[in-house]
Amino acid sequence: MKFTLSWLKKHLDTDASVDEIAYALTDLGLEVEGITNPAERLKTFTLAKVTHAEQHPDADRLRVCTVATDEGDKQIVCGAPNAREGITVVLAKPGDYVPGIDVTLSVGKIRGVESHGMMASERELELSDEHDGIIELPSGEIGERFVDWLAQNDPAKVDPVIEIAITPNRPDALGVQGIARDLAARGLGTLKTSSVDPVPAQAEAGISVSIDEDTLDGCPLFCGRVIRGVKNGPSPAWLQDLLRAIGLRPINFLVDVTNYFTYDRNRPLHVFDMAKVHGNLRVHRAAGGEELLALDGKTYTFQPGQMVISDDKGPESIAGVMGGEETGCTDETTDVFVESAYWDPIQTAYTGRALKINSDARYRFERGVDPAFTPEGLDLAVRMILDHAGGEASEMIVAGAVPDVSRAYKLDPARVISLVGMDIPEAEQRQTLTALGFRLEGNMAHVPSWRPDVMGEADLVEEVARVASLTKLEGKPLPRTHPGVPKPILSPMQRRERAARRTAAALGYNECVTYSFIDKDAATLFGGGDDASMLANPISSEMSHMRPALLPGLLQAAARNQARGFMDVALFELGHAFHGGEPGEQHLLISGLLVGRSGPKDVHGTSRPVDVFDAKADAEAVLAAMGAPAKSQIRRGAREWWHPGRHGMICLGPKKVLGIFGELHPKVLKAMDIKGPAVAFTLWPEEIPMPRKSGATRPALVLNDLQAVERDFAFVVNSDVAALDLVNAAAGADKALIADVRVFDEFIGGSLGEGKKSLAITVRLQPTTSTLKEADIEAVGQKIVEKVEKATGGTLRG
């Protein structure tokens, strides 16, 4: 929304500066997006007088002028044809920036003659496109600032233009009067009130208007007046200046009047050329398929149900959006029908969007105009037309009735103070609402018809608060509910989530936040996609189901990265997945995904494809950070989206699953368009047992002063024996003494024969009471061999 300072002062009696007005507007909620002040670029230029002019000795089209300035006489070389003795000019001195030619002046020589500045043309000062000669002023004193002369003699050229952003809930601020009302309520001036001077009927209308019964909900009120004998043509200079200043092109007086009231009072109007209207006007809904050539030169085809204004011949205007070309006004127009109607905001928006038309009328009607001002706005426009273009007006034609939008809400001064947090006296609250147009009867505030956004008592509080200025709020610390150090505010589960995020990030993973909704195919791959998790009204076909796991979103993110050339990715996410559609049917997960290689290629050959053990190590690190027990079991039997032979379930027992790690099934990678190896893990933070002690103290540090002993064993087992089964059997031989068991070698083939393999392990023995003797070590070794033979059927390799 753009307006000029002089336009604002037509409605607001104020001495406030542009900066004060801009600050107040932003503080009131009408954010200033920009200020264009022509005086800023003209402030360095002064007036001067040419006292002598003679021909340049070395150029036919140049003249050497002696110019009287506030700094004395200056010599200036000028090529303008009107440069002559006795004229008052606009002087640009050395060091001045000339905006029209984007040059900062300096003393220079032109054909061997020094020139100390220049005498400017209108185009060089960006006042107009005129550049046939320099500016000649009819008056002015030497040394007077040019901006001061313009302010007195041609103020439109230095009129600041203010542009504000309008939120959808403030349609009243789409008119300059509404903006002035807010500023007056803030105290930046006094709102000027003007009564509508009724226009008496001087002629018969000769036309009628009807609204179809099924259209009254979209057009409850339609007003119009016929004016005959109008003399159309260019608008007065002041009106053209106002429209140009806000970026509108003056067309002719009748059209310019409608544009003026659109911005001045937020009252869109339309003018029909009566000579081109056939019969009477009818407001109705389109049957579908009708066409209209609109004022923008495009032909639009109506859809069934859209509102149309038609004459006996056919559609003539798109209701509330744009008029038709055929009945538009030209300079030859003499008889007109001026329309002022109220159109339903929602139906206007539907029509505008369906036809893809953006217009000032649609922009205002779909946000809401003042229905009560419909006939008054028509009278104002008719009065302006008669005063400037003559003619005789008919009686007002009215179809329908003014919609009843009256409503009132209770003003509770104590509640206002409580909610706003400022001590605003009751008298000030009432004065604020009165200044904004509310009518107070006791404690009931009647909402003005131009404020469709006020729909409850909370809105009254907001109006009082924004006018009082929330910048006056003073920060106050919240009182402590209990003395001393406050208790932690994070729950144990929240602390566990934070630890998981930090650990995953420290391991090199990038955190993702993906949508909770995915497509049916992806959900089906991970055990979902049923009707229970299907959305009733999805925003797209790709977001039709609630996610049963986090991995689909991570795989889709990885696929997008690979499509853009990033083949190696490490992603994780912590969030909820859903196993049903009812409240509470969700579970917290943290999932990580590794795709591609472990790192970039290098000369040392350290880069390798990611494997299941990368996922296992990362899963165990995240579990440890969340407080999971150090000892756990690894089992098989995960769901079908994991590779059947290359995964593991981290368990505390047969039914207590903390997480799963492993390779993803090839069919899943193919369906999700993932290239290269992909391993992942999924953990259930809520399944990790909570610590028995909730205190912050740590257990005593246990250090062993006795030397540990390591022994290596190699067992020959069947090729289908899992290494973990062997490790668990060895570790169970003496739980008090054996501190660690790890596999360090695997050998298949050779002399072992078909279906056999050799697994080599290192067992670390850590004594706690006395140093181990050879006999002790041999005894433990024998137990290990027996345990492994019993659990796996393996034999000690000779």
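Two strands are taken to pair if DSSP finds at least two bridges between them; strands (E, at least two residues) and helices (H or I, at least four residues) are DSSP runs, numbered from the N terminus. The structure is a predicted model, in which local features need pLDDT of at least 70 and side-chain atom pairs count only at pLDDT 80 or more, while totals for chains, interfaces and linings use all residues. Residues are numbered from 1 along each chain as its sequence is written, and side-chain values use heavy atoms, with hydrogens and water left out.

Strand β39 (residues 709-718) is joined to two partners. Its pairing with strand β42 (residues 795-796) is antiparallel and comprises two bridges, and F715 has L796 of β42 as its bridge partner. With strand β41 (residues 756-765), β39 also runs antiparallel, here through ten bridges; within this pair, F713 is placed opposite I761 of β41.

Strands of a sheet pair through backbone hydrogen bonds, in either the parallel or the antiparallel sense. Two bridges connect β12 to strand β7 (residues 88-92) in the antiparallel sense, with A92 opposite M118 of β12.

Another open sheet of five strands, ordered β15-β18-β21-β22-β23, has mixed pairing. Because β15 (209-211) and β23 (322-323) stand at the edges with a single partner strand each, one side of each is left without a neighbour in the sheet. The partner of β15 in a parallel pairing of three bridges is strand β18 (residues 281-285), where R282 is the bridge partner of S210.

Side chains of opposite charge can pair when their charged atoms come close. A salt bridge is defined here as a side-chain nitrogen of Lys or Arg within 4 Å of a carboxyl oxygen of Asp or Glu, and the structure holds 41 of these contacts.

In the salt bridge between E463 and R466, the closest N and O atoms are 2.9 Å apart. The two residues are three positions apart in helix α13 (residues 457-468), and E463 and R466 are therefore separated by about one helical turn. E463 is buried, at 3% relative accessibility, and R466 is likewise classed as buried, at 8%. A further salt bridge links R608 to D614, with a closest N to O distance of 2.7 Å. R608 is partly exposed, with a relative accessible area of 33%, whereas D614 is buried at 17%. R639 and E640 form a salt bridge with an N to O distance of 3.3 Å. Both residues are partly exposed: E640 has a relative accessible area of 39%, and R639 has a relative accessibility of 44%. Salt bridges that share partners also join R170, D172, D182, R451, D453, E463 and R466 into one network.

A positive surface patch consists of K631, K735, K787 and K790. Patches are made of residues with over 30% relative accessible area and no salt bridge, like charges being joined within 9 Å and nonpolar side chains (Val, Leu, Ile, Met, Phe, Trp, Tyr) within 5 Å. Lys and Arg count as positive and Asp and Glu as negative, while His and the chain ends are not counted; the place of a charge is taken as NZ of Lys, CZ of Arg, CG of Asp or CD of Glu.

Most residues other than glycine have a negative phi. N266, which is not a glycine, has a positive phi of about 55°. N266 is located in the loop between α7 (253-264) and β17 (270-273) and is buried, at 6% relative accessible area. D673, also a residue other than glycine, has a positive phi near 60°. The loop that contains D673 lies between α18 (666-671) and β38 (678-683), and D673 is partly exposed, at 46% relative accessibility.

Technical notes. Areas by Shrake-Rupley, 256 points an atom, 1.4 Å probe, with all protein chains shown as cover. Buried < 20%, exposed > 50% of the residue type's maximum accessible area, 1.4 Å probe, protein only.
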